[in-house]
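Here are some notes on the model, for reading alongside the coordinates. They take salt bridges first, then cores, then backbone.

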Amino acid sequence: MRKTSAALATLALAVIALTGCAAGPAYQGASCDRATASSGVEDLANISGEIGTKPDVELFTPVGGESSTFGDVVVGDGRALTSPSQSAVFEFSLFSGKTGEPIAGTAYDDEQASLASVGYWEQIVPAFGAALECATEGTRVLSVVTPDDFGAANLQGFGLDADEPVVAVFDVVKVFPSRAEGSLQYNDAAGMPTVVRAADGRPGVIVPDSAAPTDLTVQTLIKGDGQKVAEDDSILVNYTGVLWDERTVFDSSWDRGTAATFDLAGVIPGFTQGLTGQTVGSQVLLVIPAELGYGEEGGGSVPANATLVFVVDILGIDPPASAQ
């Protein structure tokens, strides 16, 4: 497993000291209009270096203002952050807006990269979340944050004065999809659950009034064109799990608002067997009999001898560890 950087961990610990945290930015897909949100604040610094590598930053100090603002130093042409819960890899450097001196930052090292989301940053420093909404993979963002918006606890934690603005340089290194992306597939639905999807891709599962299959049953609902999954891969997924007999959801990453990372070698056999050979971008329906699930004893919220239904969106292979 990769390690979370010390700087990210420090900011994460500060979450508990923030008051009145917002639930996360409310934006989706087509409503993203980043061009009108950027303020031109990027002219307050000379910033050079490749995206994903530690930038050379010269701030024209003092940097500050009555409100927090941001601008794009480099605009990437990759996937956009169109959902608050969408997983991404960010590298960042923090500077004093008063002196221009560096405060903290990530390691800019693939082996220490972490997954986070716009919603995650929104909880830590709301102005950071606003600066990252709708940003595309390959973008470098300059964010200037007032002392009030950075928060007293964060200022104290980094040894800054109560009136000291903070400047952040964010690199959006990698953006993962938040849902399956591919071509819809035809399946014979006889005796199988029906899957419906909300606008954000969240699946709903309708279990039929019939006996569950006795063997592992796999249907590819959406076929992605990404890399094939191997049985020993670590994968990033969004999923919903339903109990066939009870017709109730027992687990869902969608409820937690963040995608999940699984080592396929360490999950129930039906999950491993059903996803091996599938491709990134796919949505897969699994019906898993008890002997390939939690067996005669069950586990957690799964009762004994339960047949399980999973709808799994495969978002990536070998993702970094989660920042949360």
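Which residue's side chain meets that of Lys98 in a salt bridge?

1. It is Asp161: the side chains of Lys98 and Asp161 form a salt bridge, at 3.2 Å from N to O. Bear in mind that this is a predicted model. Lys98 sits in the loop between β4 and β5, and Asp161 in the loop between α5 (152–157) and β8, so the pair ties together parts 63 residues apart in sequence. Lys98 is partly exposed, at 34% relative accessibility. Asp161 is also partly exposed, at 40%.

2. This pair belongs to a network. Salt bridges with shared partners join Lys98, Asp161 and Asp163. The count of salt bridges comes to seven.

3. Glu181 and Arg79 make another salt bridge through their side chains, at 2.7 Å from N to O. Glu181 is in the loop between β8 and β9 (183–184), Arg79 in the loop between β3 and β4, so this contact links parts 102 residues apart in sequence. Glu181 is partly exposed, with a relative accessible area of 40%. Arg79 is partly exposed too, with 31%.

4. Arg247 pairs with Asp209 in a salt bridge, with 3.3 Å between the closest N and O atoms. Arg247 lies in the loop between β13 (234–243) and β14 (248–252), and Asp209 in the loop between β11 (203–206) and β12 (217–223), so the pair ties together parts 38 residues apart in sequence.

5. The largest nonpolar core has 28 residues, and Phe90, Trp121, Phe128, Phe150 and Phe170 touch the most other members. Elements giving two or more residues to this core are β4 (88–96), α2 (118–124), α3 (126–132), β7 (140–145) and β8 (166–175). β8 gives the most, with five. Another core, of 23 residues, lies apart from it; Leu243, Val284, Leu286 and Ile288 are among its members.

6. Check the backbone at Pro62. The peptide bond from Thr61 to Pro62 is cis, with omega near -5°. Pro62 is in the loop between β2 (56–59) and β3 (69–74).

7. Two non-glycine residues deserve a look at phi. Tyr108 has a positive phi of about 50°. Tyr108 is in the loop between β5 (102–105) and β6 (114–116), and is buried, with a relative accessible area of 13%. Asn305 has a positive phi of about 60°. Asn305 is in the loop between β16 (283–288) and β17 (308–317), and is partly exposed, with a relative accessible area of 48%.

Definitions and conventions: Residues are numbered from 1 along each chain as its sequence is written. This is a predicted model: local features need pLDDT of at least 70, side-chain atom pairs count only at pLDDT 80 or more; totals for chains, interfaces and linings use all residues. Side-chain values use heavy atoms; hydrogens and water are left out. A nonpolar core is a set of buried Ala, Val, Leu, Ile, Met, Phe, Trp, Tyr and Cys residues joined through side-chain atoms within 4.5 Å. Buried means under 20% relative accessible area, exposed over 50%, partly exposed in between (1.4 Å probe, protein chains only). Helices (H or I, at least four residues) and strands (E, at least two) are DSSP runs, numbered from the N terminus. A salt bridge is a side-chain nitrogen of Lys or Arg within 4 Å of a carboxyl oxygen of Asp or Glu.
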